[in-house]
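Student: Could we go through this model by question and answer? Please show the sequence and structure before we start.

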Amino acid sequence: MDRRKFVGAAALAGAAGALGACGQKPAAGQQADCASGAAADPIEWKMVTAWPRDFPGLGTGANRLAEYIGRLSGGRLTVKVYGGNELVPPFEVFDAVSRGTAEMGHSTSYYWKGKAPAAQLFCSSPFGLTAQEMNGWLYYGGGLELYREAYAPFGILPLPAGNSGTQMGGWFNKEIRSLDDIKGLKMRIPGLGGEVLRRAGGTPVTTPGAEIFTALQTGTIDATEWVGPYNDLALGLFRAGRYYYSPGWQETGSTIEALVNQEAFEALPEDLQSVVEIAAQAVNTDMLAEFTFHNAQALRTLQEEHGVELRSFPDEVMAQLERITWEYLDEQAQDDALFARVLTSYRDYYAAVTPYSRIAEQRLMNVRGNG
Ligand code: CA
């Protein structure tokens with residue numbers, strides 16, 4: 001990204017500097033004075049991630065989060081980023097941040113359903129909210145408060161720090177014409193979407209990004225979803241899967257999260273706490289922009305250079321999977337009180353925003369490009 005375009009960050013860096021470059025808010029009537037030798041040593045944090053290092057969108061988003069924190073803090077807080085398996089394996093990011101092995105993590109909440117089932121809803125629900133609807137819920141609709149409540153027992157502060165946008169349905173080596181074609185299908189599809197697939201007769205597996213290509217190519221799995229054209233092109237999935245399906249019913253606007261060790265966060269001066277929070281919010285917006293831009297280019301490359309065949313799931317199959325989704329979510333709510341509260345909040349917002357999105361975004365999309 002062109003740094004000069006990031007006016008918001010520059011303005012914030014100025015504001016952070018004005019608070020006092022020594023990390024302490026100057027008392028009323030006093031100037032912050034760092035020349036007196038009171039300047040604290042720079043704080044160094046580690047960020048473990050669930051992605052391959054520098055992976056487009058996700059890994060680059062983690063890098064940018066670290067970069068923003070360094071820039072906004074004027075170098076008083078620096079964050080070193082570790083790719084998946086460099087310090088801990090991708091699926092141990094949550095525990096590493098909880099223990100304080102790393103002060104930060106960058107991952108996605110549906111990996112942590114074994115810790116707190118409700119965590120999954122903070123990423124995405126099948127047939128659920130789009131990226132911008134999700135942000136409406138998290139920042140203004142009570143979602144973030146519930147997210148923090150869910151992670152508090154683990155000593156982790158979660159911050160939305162990215163969004164993939166609406167994903168693709170994935171790569172299949174046979175066409176999906178009816179629900180019968182889902183039966184017996186072994187598919188890499190994590191989270192709630194995976195459970196819906198299971199109820200439709202398929203076998204969901206959770207495979208880390210780095211292992212997906214080989215699993216699909218060798219037939220260990222029959223199908224996989226990953227993210228969207230930008231990431232799927234980078235993984236080379238078009239060489240292992242024949243048909244590229246949409247829509248991404250399983251992940252409709254997935255929030256990517258920053259995990260912050262609560263103790264480490266509270267040990268920061270107030271202005272650096274704000275730096276971490278605002279940097280995460282900046283990356284939340286920026287990642288969606290990166291995905292939106294590159295997905296369009298990558299889709300064209302997949303079609304024009306690699307001859308990828310696009311397919312749409314039949315409406316009938318989508319309707320059946322959606323019915324299974326709401327049934328499954330209701331059942332989960334019966335087993336877990338927090339899941340029930342989060343689902344109620346999510347669903348109330350979904351019910352409120354859907355009529356608006358239909359007459360605004362959806363109506364516009366339906367008429368746009370016809371002239
Ligand atoms: Ca996905």
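Tutor: Buried means under 20% relative accessible area, exposed over 50%, and partly exposed in between, with a 1.4 Å probe and protein chains only. This is a predicted model, in which local features need pLDDT of at least 70 and side-chain atom pairs count only at pLDDT 80 or more, while totals for chains, interfaces and linings use all residues. Residues are numbered from 1 along each chain as its sequence is written, and side-chain values use heavy atoms, with hydrogens and water left out.

Student: Is glutamate 251 buried or exposed?

Tutor: The relative accessible area of glutamate 251 is 3%. Buried means under 20%, so glutamate 251 is buried.

Student: Which residues coordinate the calcium ion?

Tutor: Donors are N, O and S atoms within 2.8 Å of the metal (3.2 Å for Na, K and Ca); water is not among the atoms, so sites may look incomplete. In sequence the donor residues follow the spacing Q-x57-E-W-x24-E. At 2.1 to 2.8 Å, the calcium ion is coordinated by Gln167 (OE1), Glu225 (OE), Glu225 (OE), Trp226 (O) and Glu251 (OE).

Student: How many residues apart are glutamine 167 and glutamate 251?

Tutor: Strands (E, at least two residues) and helices (H or I, at least four) are DSSP runs numbered from the N terminus. Glutamine 167 is in the loop between strand 4 (156-163) and strand 5 (170-172), and glutamate 251 is in the loop between strand 9 (243-246) and strand 10 (255-261). The pair links distant parts of the chain, 84 residues apart.

Student: Which strands hold tryptophan 171 and tyrosine 244?

Tutor: Tryptophan 171 is buried at 0% relative accessible area, and tyrosine 244 is buried at 0%. Their pair ties together parts 73 residues apart in sequence, because tryptophan 171 lies in strand 5 and tyrosine 244 in strand 9.

Student: What is the geometry of the pair of phenylalanine 172 and phenylalanine 313?

Tutor: Phenylalanine 172 is buried at 2% relative accessibility, and phenylalanine 313 is buried at 6%. Their ring centres are 5.7 Å apart and their planes are at 85 degrees, so the pair is edge-to-face.

Notes: Phe/Tyr/Trp six-rings, centres within 6.5 Å; stacked < 30°, edge-to-face > 60°.
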